[in-house]
Amino acid sequence: MPATDIAIIGWSQTPSVERSALTEVQLCLKANLAAVAAAGIDRHDIGFTCAGSCDYLTGGPFAFVANLDAAGAWPPISESHVEMDGAWALYEAWVRLQHGDIDLALVFGSGKSSPSNPTELYPQQLDPYYLEPLGLDPDSIAALQARALLDSGKATERAFAEVAARSRRSAKSNPNAQLSGDTDADTLLAGGYVRAPLRSHDLPVYSDGAAAIVLATADRARQLVEHPVFIRGIAHRIEVHQPGSRDLTTSPSTTGAARAAGHNGQAIDVAELSAAYTPQELILRESLGLDDKVTVNPSGGPLTANPVMATGLVRIIEAAQRVADGSAHRALAHATNGQGLQHNLVCILEGEQ
Amino acid sequence: MSDTTSTKVEPVMMDHMVSLTYVEDLPPNTVRFAEALVEGRILGQRCPVCARVFIPPKDYCPLDVVELTPDNDVEVADTGVVTNFTIVAPVRYYGQTKTEPFVYASVLLDGASGTLGGQDVSGIPADKVHAGLRVRAAWKPQSERSAEGQSARGWGSVAGCISSFEPTGEPDAPREAYEEHTI
């Protein structure tokens, strides 16, 4: 059954910063208030609210419940939460809107990474018998992925550095980016390895931040805003949890999600990819069949702004922004969960036909 | 394998302790609350929409979903009324430092819209504590006050500056004064 058209009608993100003094709920509130204002709606008209976050980042038990303050949960509202990137919260809201009995939904994602230590924390998402006791951190998994990609002959360390240099240059025009600047591959390659074959420029920043999106059914969207951004397709696919059981040089779940979202090789103007590590951009480009004509991560991407648990939702915002301002006709946004691109979501966005 | 006939395999046991470290900054609202408390003042924050006074300040109103600022801060009294209580008879679980029964009371400060939970009530036998009892904060000496208990997780605590609440000797507050604040 073809899906009902759902549109993005308002969005907001807080600037990605290395350390915010604000609590996660205060960050969410800023994003939610601005997104609701941008959509021009009364929050009481929202029929469903969904959030994505992870309590482990701040170490606050049930922090996701406290975050509901940012949505206004009294009188009681219909809401849900995913322990996933906010892009999956958007997916759940999109599914909820397919029921047809409500016409507005609020989605938000938030992450405050500064209180915790990623090297200590992230192994907790691995299996508790083999990998977690090793303390296998995300940088190490990404290095194994990078090594596999180099060994396959599909990439070079220079290609990694070129991704980083381009991302930092692109981020210069992104007021929400944490890292930006003019640099080139030669300069970056002069740096030492952090986890061979990865250098510091191949690794993401970690940011504190929140993002929010307001969704509307097509008719309601046209009433409310001049340039609704339509979700033409959205889907996600997952691979096995154990990274050693996968070919890390490719991402079949991304390919599958893109196909399920209706992407069959049509021209894409802009792709915002949740490639937190430089090799992952190369893997995703190939898995999505993106050629050099596609502008990838014009925002600078997660290498320059990475509010974990909102990074994927920010990709959708950045892609929607470019459709709304007319710089892209058709845009693709990608989000990921898990380790080494285990679980991937693809969203195709277009303006009014 | 030296013994290929044995089918019994001893299980391999592994101890694995997990420890996660968090280093957090206090948000601005909690910093203001803690600083005032050390000075002997209890800071709240009044929402201009609903007029509720939150203690400690949150820098937003969760009911009206609006941001609040230091301009919305208000000082509330250190006197109030016990709205509910329990008597805890401590069992010696790990970490329990108390040995004698103690009071765990909710106190609605004068001028506040919500209670402070988990407050000790001293200067009165535990079996005389009751809802409606008028109380006043027993402040620690200035030199012993600290930011103990303040955290970015949750909304702050008075434990670093107020040791307990004591009866004021006033007549009990009427039921209507606290019946909406049972916890």
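# A walk around chains A and B

Start by selecting A:Phe62, which lies in the loop between β2 (48-52) and α2 of chain A. In these names, helices (H or I, at least four residues) and strands (E, at least two) are DSSP runs, numbered from the N terminus. Before you go on: this is a predicted model, in which local features need pLDDT of at least 70, side-chain atom pairs count only at pLDDT 80 or more, and totals for chains, interfaces and linings use all residues. Residues are numbered from 1 along each chain as its sequence is written, while chains are lettered from A and ligands numbered from 1 in the order in which they are written.

**Stop 1: two positive phi values**

Stay on A:Phe62 and check its backbone: phi is near 60°, a positive value in a residue other than glycine. Is A:Phe62 buried or exposed? A:Phe62 is exposed, because it has 9 other C-beta atoms within 10 Å. The scale behind that word: a residue is buried if 20 or more other C-beta atoms lie within 10 Å of its own, exposed if 12 or fewer, and partly exposed in between, with C-beta atoms placed from the backbone.

Now jump to A:Leu341, in the loop between β11 (330-337) and β12 (343-350) of chain A. Here too phi is near 60°, and the residue is not a glycine. A:Leu341 has 29 other C-beta atoms within 10 Å, so this one is buried.

**Stop 2: cis peptide bonds**

Select A:Trp74 and A:Pro75. A cis peptide bond joins them, with omega about -5°. You'll find A:Pro75 in the loop between α2 (63-66) and β3 (79-82) of chain A. Then hop over to chain B, where B:Ile55 and B:Pro56 are joined by a cis peptide bond with omega about -10°. B:Pro56 lies in the loop between β2 (53-54) and β3 (60-61) of chain B.

**Stop 3: where the chains touch**

Show both chains together. In total, 20 residues of chain A are in contact with 18 residues of chain B; being in contact means that the C-beta atoms of two residues, placed from the backbone, lie within 7 Å. On the side of chain A that touches chain B, α1 (24-39) and α4 (118-121) of chain A each supply at least two residues. Colour that side by type and you get seven nonpolar, nine polar and four charged residues.

**Stop 4: chain A as a whole**

Chain A holds 11 helices and 12 strands. Its radius of gyration is 19 Å, close to the 20 Å that the globule rule gives for 353 residues, so chain A is as compact as a globular protein of that length. (The radius is taken over C-alpha atoms, and the rule is 2.2 Å times the number of residues to the power 0.38.) Buried residues make up 56% of the chain.

Next, colour by domain: domain 1 (6-117 + 206-224), domain 2 (119-202) and domain 3 (233-350), with bounds that come from an automatic or database domain assignment. Between domains 2 and 3 of chain A, 30 residues of domain 2 are in contact with 21 residues of domain 3. Helices α5 and α6 of chain A each supply at least two residues of the domain 2 side. That side divides into 17 nonpolar, nine polar and four charged residues.

**Stop 5: a covered helix**

Select residues 278-288 of chain A, which form helix α10; nine of its 11 residues are buried. Among them are A:Leu282, A:Ile283 and A:Leu284. What covers the buried residues includes α5 (138-151), α6 (157-171) and α9 (252-260) of chain A. After α10(A) comes A:Gly289, whose phi is positive, near 65°.

**Stop 6: along the strands**

Finish at A:Ala7, in strand β1 (residues 6-13) of chain A. A:Ala7 counts as buried because it has 26 C-beta neighbours inside 10 Å. Three bridges join β1(A) to strand β8 (residues 229-238) of chain A, and the two run antiparallel; strands pair if DSSP finds at least two bridges between them. Look for A:Ile8 opposite A:Val229 in β8(A). From there, eight bridges join β8(A) to β12(A), again antiparallel, and A:Ala235 stands opposite A:Val346 in β12(A).

Terms used
Ala, Val, Leu, Ile, Met, Phe, Trp, Tyr, Cys and Pro count as nonpolar, Asp, Glu, Lys and Arg as charged, and the others, Gly among them, as polar.
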